Amino acid sequence: MIDRAHGYFQREKETMSKKKREAYLKERLSEILRYGYRYSKIIRSRFDALGIKPEKVKDLKDLEKLPITKKTDLVTFQKQTPPFGGFGIIPKKGVRRIYISPGPVFEPGEWDYSDIRWAQALFACGLRRGDVVLNTFNYHLTPLALMLDESLKMLGASVIPVGPGNLSMQIQLLRQIHVTGFLGTPSFLMSLLEAAEGMSLDLKKDFSLKVAFVGAEMFPESLRQKLEGKLEIFVRQAYGTVDVGCLGYECPEKKGMHIPEDVIVEIVDTETGRQLEIGATGEIVATTFSKIFPMIRFATGDLSYLFEDPCPCGRTSPRLGKILGRTDQVTKVWGIFIHPWQVDEVMARFPWVANYQIVVTREEHRDRMTVYVELKEELADQASLKRRVEKEMEEVLKVKGEVVLTAKGGIQDRAKKIDDRRIWE
Ligand SMILES: [Zn+2]
């Protein structure tokens, strides 16, 4: 029996004390800043514009002195200085691949892939040497599938580079080759399992799957339970972006995502770039130690929070909580931030809610928030339902709004959850 629930990919790294971890990150930070300043045109010019030298950024708190780089900045820099916007530092050996992600953003891939962060994530998820793994992430253009492919090699697992789509072939592979691991999006895994059930297969008998590693999508707990129930397997998620790689991964305990050692993750106030305290919700910003494409304070656009309580798995890194949404979905009403995830939380308390939309308007210089709630079916006593939703909304959001109940079909499926219709002069 393989022990998939214990152990580490690199024990020494993953179980460092807090003090040792801080010293390690400090050293890696000053190393990458000096390196970036020396070899990357854009990093050097941004330091020079601020009038500071890399030596002035001594610890993680000092990172606040440096500007945030957004995805849109990358796109602009790359248009000005093709192809890599001055961030690419091309080694003598050359560039193995040039990845393209939406934007478009071009990214150089190192000749010998050596980043262990995804391998740590795959190990923590339960994959081991000898596993046969179906990699259903897309191998075209973007780096994720290939990075995971290389990381499976580090683990000693075999990979079937199948990519997404072609459900019947995937099902055939799962049966014939005794595949033990799955990599892909949670929704794709669900469609795969449903298609197999539609072919009258007995998932627990006909498949040998033991572990599923999912990512690149929101992963609600209800979906995990459904997937784990169908197969009696581990389903664990990891979080990262194509620009900065893996930033967090779940361990067997599945309570938050451990931050790998070879990256710095900050949670910041999107408007000021200031670091927020442990537990506070803000934007995930990452600094990587990549020698070919170093990213200093790259803003992911995703919202989450950090926590540091000890994890029973033995890993000592801080953890990222749930990904709560995107920074561009946040709206301010009466000066208070409203996040779609807060509204999701309220609506989940009412099983009769089919859909909702918040509309923010402004009348005579006063914000007005109207919450349209679509009912699954006609319900009696709508006046009291309306009052209950209004009360719970105000408790969670700290802003008063008017609730309007509408019949089924009252809200378009793809309508924005928060529609800000205010016009500012
Ligand atoms: Zn853990």
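Me: What makes β3 and β5 paired strands?

Reply: In this predicted model, strand β3 (residues 132-135) and β5 run parallel and are joined by 3 bridges. Pairing requires at least two bridges found by DSSP, so β3 and β5 count as paired. One of the positions involved is Asn 135, whose bridge partner in β5 is Leu 183.

Me: How do you know that β5 also pairs with β6?

Reply: The criterion is again at least two bridges. Between β5 and strand β6 (residues 211-214) there are 4 bridges, and these strands run parallel. Gly 184 has Val 214 in β6 as its bridge partner.

Me: Why are both faces of β5 called covered?

Reply: In strand β5 (residues 181-184), Gly 181 and Leu 183 lie on one side and Phe 182 and Gly 184 on the other, and all are buried. Because residues on each side are buried, both faces count as covered.

Me: Why are α7 and α8 described as roughly perpendicular?

Reply: Helix α7 (residues 167-176) and helix α8 (residues 186-198) pack at an angle of about 80 degrees, and their axes are 10 Å apart. The range for roughly perpendicular is 65 to 115 degrees, and α7 and α8 therefore receive that description.

Me: Which residues make the contact between α7 and α8, and of what class are they?

Reply: From α7, Leu 167, Gln 170 and Ile 171 meet Ser 191, Leu 192, Ala 195 and Ala 196 of α8. This contact has 5 nonpolar, 2 polar and no charged residues.

Me: Why is Leu 379 called exposed?

Reply: Leu 379 has 10 C-beta neighbours inside 10 Å. The limit for an exposed residue is 12 or fewer, so Leu 379 counts as exposed. Leu 379 is found in the loop between β19 (366-375) and α12 (382-397). Apart from neighbours within four places in sequence, Leu 379 is in contact with Trp 352 and Leu 385.

Me: Why is Pro 83 placed in the partly exposed class?

Reply: For Pro 83, 14 other C-beta atoms lie within 10 Å. A residue is exposed at 12 or fewer and buried at 20 or more, so with its value in between Pro 83 is partly exposed. Its position is the loop between α4 (71-80) and β1 (97-101). Setting aside neighbours within four places in sequence, the contacts of Pro 83 are Gln 78, Ile 98 and Phe 106.

Me: What makes the chain as compact as a globular protein of its length?

Reply: The secondary structure of the chain comprises 12 helices and 21 strands. Its radius of gyration is 23 Å, close to the 22 Å given by the globule rule for 425 residues, so the chain is as compact as a globular protein of that length. Of the 425 residues, 36% count as buried.

Conventions
Residues are numbered from 1 along each chain as its sequence is written. This is a predicted model: local features need pLDDT of at least 70, side-chain atom pairs count only at pLDDT 80 or more; totals for chains, interfaces and linings use all residues. Axes are lines fitted to C-alpha atoms, for helices over the stretch in contact, and angles run from 0 to 180 degrees between N-to-C directions. Helices (H or I, at least four residues) and strands (E, at least two) are DSSP runs, numbered from the N terminus. Angles under 35 degrees count as roughly parallel, over 145 as roughly antiparallel, 65 to 115 as roughly perpendicular and the rest as oblique. Two residues are in contact if their C-beta atoms, placed from the backbone, lie within 7 Å. Ala, Val, Leu, Ile, Met, Phe, Trp, Tyr, Cys and Pro count as nonpolar, Asp, Glu, Lys and Arg as charged, and the others, Gly among them, as polar. The radius of gyration is taken over C-alpha atoms; the globule rule is 2.2 Å times the number of residues to the power 0.38.
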